[in-house]
Amino acid sequence: MFARTRKHRLILHIDFNSYFATVEQQANPRLRGKPVGVIGGPARNALACEVGGDRVKRTVLGAASVEAKRFGVKTGMQVWEARKLCPKIILVPGDSDKYLETTKRFLNILKDYSPYLEAFSIDECFLEILRLPSVAQDDNFTQAIEIALVIKRRIKQEIGEVVTCSIGISYNKLMAKLAGSLQKPDGLVVIPNQEEAINVLDSIELDEICGIGPRIKKRLNNLGIFSFSALRQVPLESLLASFKSYGQVLYNMARGIDCSKVVPFYEKEEIKSVGHRHTIDHDTDDLVEIKQILLKLTELIARRLRGKKLAGKTVHCWYRLALNPRCQYVSTSEVGLRCGLEGEFVGQGMQTTILYTNDGLDIFQAAWRIFHSLWNHEKIRMIGVSISNLKPTLPQNLSLLPETKKEETIIKSIDAINNKYGEFTLQRGILLTS
Ligand SMILES: [Mg+2]
């Protein structure tokens, strides 16, 4: 019998190297072996087409090819900086459909080796290999290495020579991801046990592990902690006092411990729409009050979309009038309608299509337009908003303009505050799953 035991796990982390750039090089042989920078996000192709224009100079690189990286060019760098380091850099507009299509293809290859496949980002995933409990642990790692080599070969054959991946193999997700980051490009590294994990941890910087960003690193440094070996000296209680529940994560991290599960896509709910509604405890026709509620609802929806790395484009807004014992709530897709049946509420709803977004203000504006086009100044009792037609967002570094960056920073801090202080006192609305 195969078992997916908690005690001895076997996890592969597969991470594609310079993903967007190599996918472009794969698609266009003339780009191969040359320094390439990918610019422009999904909604910004128009901008990306202005290569050479003034605006492009202020654009940020979404990805750089291995050849460009040799000149010191990095993802997230401004185009003028990249050009200074590497004047021959070829700028290519990003094409999210192409990357998603390639991702779909490599996930299809990987699922042949285990049903426990978790897509972590557009170019990264975890694969938990089922192991034979009767086989010695060393043999299991030999088997995992064989699988990794087959995966690499199949990617070359079925996706292309240019697209390469680094594979890390270990006994948990955290260490597999760390192993995968140690050798790039086209790497294959095994961290077989906790002893080896601690050796590796003691040879890297704090922020080289997934889960310690610049801010956590700075806070650790402020406490006099500059290495994992120093982190291991700190008692759990002190870490909990300084970092709350994240203290436990840091405590485990320094010891190579991570219990998180590989969550396969079919165990993750597929979200069709995200929505909230709010029932007011009185009847109201106060436009300021309604606007406030709608702003909160749409901000909440946007935050949940961002938390799930999704953007949507169909906004649906509906409301219910003050209790009227003879009517019924009806929502329609194209036009607002109302009709009545006994003992129910009356209400209206309508949907509209906007550009893909996960910004609360965009969603609010669409919902507010709908509300205004339907509302007849009657008193209302409930209002709701939802967004559907969802798609995954690309990594942040692919959205480009400095202004956009600033906006994203602001959005991120709002999310952080909301996450900390809890949700508004709103009734949780529908979350439709397939
Ligand atoms: Mg990658």
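Contact means heavy atoms within 4.5 Å. I keep that in mind while I look through this structure, which is a predicted model.

**Entry 1: helices H12 and H13**

I started with a pair of helices. Leu 236, Leu 239, Leu 240 and Phe 243 of H12 are in contact with Tyr 246, Gly 247, Gln 248, Leu 250 and Tyr 251 of H13. Sorted by class, this contact has seven nonpolar residues, two polar ones and no charged ones. Next I looked up how the two helices lie. H12 covers residues 236-243 and H13 covers residues 246-253, and they pack at an angle of about 135° with their axes 7 Å apart. Angles over 145 degrees would count as roughly antiparallel and 65 to 115 as roughly perpendicular, so H12 and H13 are oblique to each other. The crossing of H12 past H13 is right-handed.

**Entry 2: helices H1 and H6**

At what angle do H1 and H6 pack? I found about 90°, with the axes 10 Å apart, for H1 (residues 19-27) and H6 (residues 96-110). That makes H1 roughly perpendicular to H6. On the H1 side, the contact is made by Tyr 19, Phe 20, Val 23, Glu 24 and Ala 27. On the H6 side, I noted Lys 98, Tyr 99, Thr 102, Thr 103 and Phe 106. By class, the contact of H1 with H6 has six nonpolar, two polar and two charged residues.

**Entry 3: Asn 172**

A polar atom of the Asn 172 side chain lies 2.8 Å from the backbone nitrogen of Met 175. Leaving aside neighbours within four places in sequence, Asn 172 is in contact with Arg 9, Ile 11, Gly 256, Ile 257 and Asp 258.

**Entry 4: the loop between H8 and S8**

A reminder to myself before this one: most residues other than glycine have a negative phi, and most peptide bonds are trans. The peptide bond from Lys 184 to Pro 185 is cis, with omega near -10°. Asp 186 lies in the loop between H8 and S8 as well. Asp 186 is not a glycine, yet its phi is positive, about 60°. With a relative accessibility of 34%, Asp 186 counts as partly exposed.

**Entry 5: Lys 309**

Where is Lys 309? I found Lys 309 in the loop between helix H14 (287-307) and strand S10 (310-321). Its phi is near 55°, a positive value in a residue other than glycine. Lys 309 has 56% relative accessibility and counts as exposed.

**Entry 6: Lys 74**

My last stop was another lysine. Lys 74 has its place in the loop between helix H4 (66-69) and helix H5 (79-85). Exposed means over 50% relative accessible area, so at 56% Lys 74 counts as exposed. I also looked up how Lys 74 and Val 60 are placed: they are 14 residues apart in sequence, and 9.9 Å apart in space from C-alpha to C-alpha.

Technical notes:
Residues are numbered from 1 along each chain as its sequence is written. This is a predicted model: local features need pLDDT of at least 70, side-chain atom pairs count only at pLDDT 80 or more; totals for chains, interfaces and linings use all residues. Side-chain values use heavy atoms; hydrogens and water are left out. Axes are lines fitted to C-alpha atoms, for helices over the stretch in contact, and angles run from 0 to 180 degrees between N-to-C directions. Helices (H or I, at least four residues) and strands (E, at least two) are DSSP runs, numbered from the N terminus. Angles under 35 degrees count as roughly parallel, over 145 as roughly antiparallel, 65 to 115 as roughly perpendicular and the rest as oblique. Ala, Val, Leu, Ile, Met, Phe, Trp, Tyr, Cys and Pro count as nonpolar, Asp, Glu, Lys and Arg as charged, and the others, Gly among them, as polar. A polar contact is a pair of N or O atoms within 3.5 Å; within protein, one must be able to donate a hydrogen and the other to accept it, and residues adjacent in sequence count only if both atoms are side-chain atoms. Buried means under 20% relative accessible area, exposed over 50%, partly exposed in between (1.4 Å probe, protein chains only). A crossing is left-handed if the near helix is turned anticlockwise from the far one by less than a right angle, and right-handed if clockwise.
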